[in-house]
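Hi,

Here's the structure I promised to pass on.

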Amino acid sequence: MIPIYKKEMRTYFTQMMGYLFLAFMILLIGLFFTIMNLMFRDANFQSVLSNTTMFFLFLVPILTMRLFSEEARHKTDQLLYTSPLSVTQIVLGKFLAAFTLFAIATAITVSFPLMLNIFADSLPVSRIVGAYIGWILVGVSCIAVGVFISVLTDNQIIAAVGTFAALFLMFLMEAFAMSMPTSNFASFIFVGLIILAVAGIWFNSTRNILSSVVLALLGIAVAIGLYLFNSSIFDGIIVRTLLWFSVYARYDSFAAGILSISDVVYYVSFIVLFIYLSINVIEKRRWR
Amino acid sequence: MIEVRNLTKVYGQHKAIDHINFTVDDGEIVGFLGPNGAGKTTTMNIMTGFIAATSGEVSINGLDIVADAQKAKAQIGYMPDTPPVYGDMRVDEYLNFVADIKGVRRSLRKDMLAEIKRQVRIEDMSRRLIKNLSRGYRQRVGLAQAMVGYPKVIIMDEPTIGLDPKQIIEMRDVVKNLGNKHTVILSSHILQEVSAVCDRVMIINRGKIVASDTPERLSAKLSRGNNRMQVRVKGEKSKILKALEEYPVIRNVEAKSATEPGTIDLILSGEKDDMDIREFIFRCMCKNNLPILLMKSTELTLEEIFLQLTGDVRSGPAGYGQGAITGKTDTMIDDFFEEPKEEESENEASVSDASQEDESAGGEAHDTHI
């Protein structure tokens, strides 16, 4: 893991990407800090943080677009995947490198509230720290999505645009989810489609038509059974599912000064899920 | 020792490799020989754990490449057909990175890298960015990478592709030297290259191993010695053919008008397989006052070797893979290497369009070499 991490860190700073990311990130946050805190003479730094999370949409792709796609393009992945390193080590090494760059940028932005501290008697330290924790969790979640999308393609541009699109969708997810139908029947149809999709993925990986059909029929039978006996289980399932992907929606509580364990657990499990998916996509591509 | 058992890889409908079996002993240099798309790279990618086989097993010194992936991979150095180098690293940086991921101990590293750089002759390039290196040097860096950590097994996919003749010779020397300490497997589609360095050659075609032997025995068997000659004779065709009829030991395989005006090109073969027909040809033509302008044994090109080994019909896409390799191949190999006469007679016996076309195809292919 460490060799990969070191290599990625070096690549960030031998190519332009690392500098580009740091410059953009600090420039944007500095701009917001100048306008919101200095020009409007407002001591609320948390609002700067919550206003800048949307910039992850295009800052994170800079960080993650080349991580795996470039290796695939230049066939250097052959070196990595035939080396004694495990795929988990490779993915974690790259993910941590991206995280480190993000952390460096974050550490630099800490100087802004410290500047405010010169003028204030008592800065709301705990609220700023809480807002920072949320800010970092949102950022790292976006990085995890970016890593995953970089695994899927050998083209950096596609990786960047794809990551932007995925993050944009997640950004709008709350509004999107709210406009979804909430009736039990619609939810039932939604569950049915998910079961079919799972059966399709199963067929794709096993090439066994019988087991896939059995899986689909069994799943749909269970869903029908549940629907007939207790349809309230399906209440608003579409909205709930989609909201799970709404990374940004959860940030609001951090910005409001609430550090809730359930939200932290949510972000951590979101990050773990996408790293796990990245590892599995690579493993699966190689082991079939 | 490397053991490969029943290795099969299927891409959709296409069988890239089909139940390959072989073993490679310690210290052996083995060459995979085959045309493009024969399955060489696929086999190597599976052996190194880069991709998975559809079925079958690979074990490196008793370690399964799937079950004991980490330990097995630690025993292999792989040089893929494209050198897996990072353009924005310097050669030294890159080799150190490779040593890192292979877990080479720091105390051993400096000497090891210096020694490897000396062996592949890239000492002068240590401080150069890899993206600025020429193809040949990049290839050598790729080889150096495979040697880092001195793995027991080194697998090289087309190590000399894209090199100039001098570099090819140098690369051959490097590979030969590797054979002292390592087990080496390399692939190529050039017969001479493989025969120059390898202890053993495996010919792969359409995903199957069609022959496996030492290069000497393979070439001897394949070139047929002085039994099959290409002759260019000055004179009229009818006269020449008539002259040949007087010597029944010489069989006229094919006659056609040659590139030179007023001459005829002939492919002649002896009645028996081990017969030297050169003298007979001379006497025959001499007696009839027909000057021989050229006489040489028809060395089979790699293409022809495949046609022979696979018993394939060379009639374009229609005949592609028509039962030629299925089932028949195994017996063909035996026939070819143990009892060549039988194979010959088999060809003879089936005086079908297929075998004739095979023969003429051989002649044509050779003609272009003149």
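Below is what I found, starting with how to read it.

This is a predicted model, where local features need pLDDT of at least 70 and side-chain atom pairs count only at pLDDT 80 or more, while totals for chains, interfaces and linings use all residues. Residues are numbered from 1 along each chain as its sequence is written, and chains are lettered from A and ligands numbered from 1 in the order in which they are written.

First, the sheet in chain B. Six strands make an open, mixed sheet in the order 6-7-8-3-9-10 (strands are DSSP E runs of at least two residues and helices H or I runs of at least four, numbered from the N terminus; two strands pair if DSSP finds at least two bridges between them). Strand 6 and strand 10 (208-213) of chain B are at the edges with a single partner strand each, so one side of each has no neighbour in the sheet. On average, neighbouring strands are turned by 15 degrees against each other, direction ignored (axes are lines fitted to C-alpha atoms, for helices over the stretch in contact, and angles run from 0 to 180 degrees between N-to-C directions).

Strand 3 (29-33) and strand 8 (183-188) of chain B run parallel, joined over five bridges; Gly31(B) has Leu186(B) as its bridge partner there. Helix 6 (165-181) of chain B packs on the sheet, touching strand 3, strand 7 and strand 8 of chain B (contact: C-beta atoms, placed from the backbone, within 7 Å).

Then the contact between the chains: 21 residues come from chain B and 18 residues from chain A. On the chain B side, helix 2 (69-74), strand 6 (76-79) and helix 3 (91-101) each give two or more residues.

Cheers

Key
Two residues are in contact if their C-beta atoms, placed from the backbone, lie within 7 Å.
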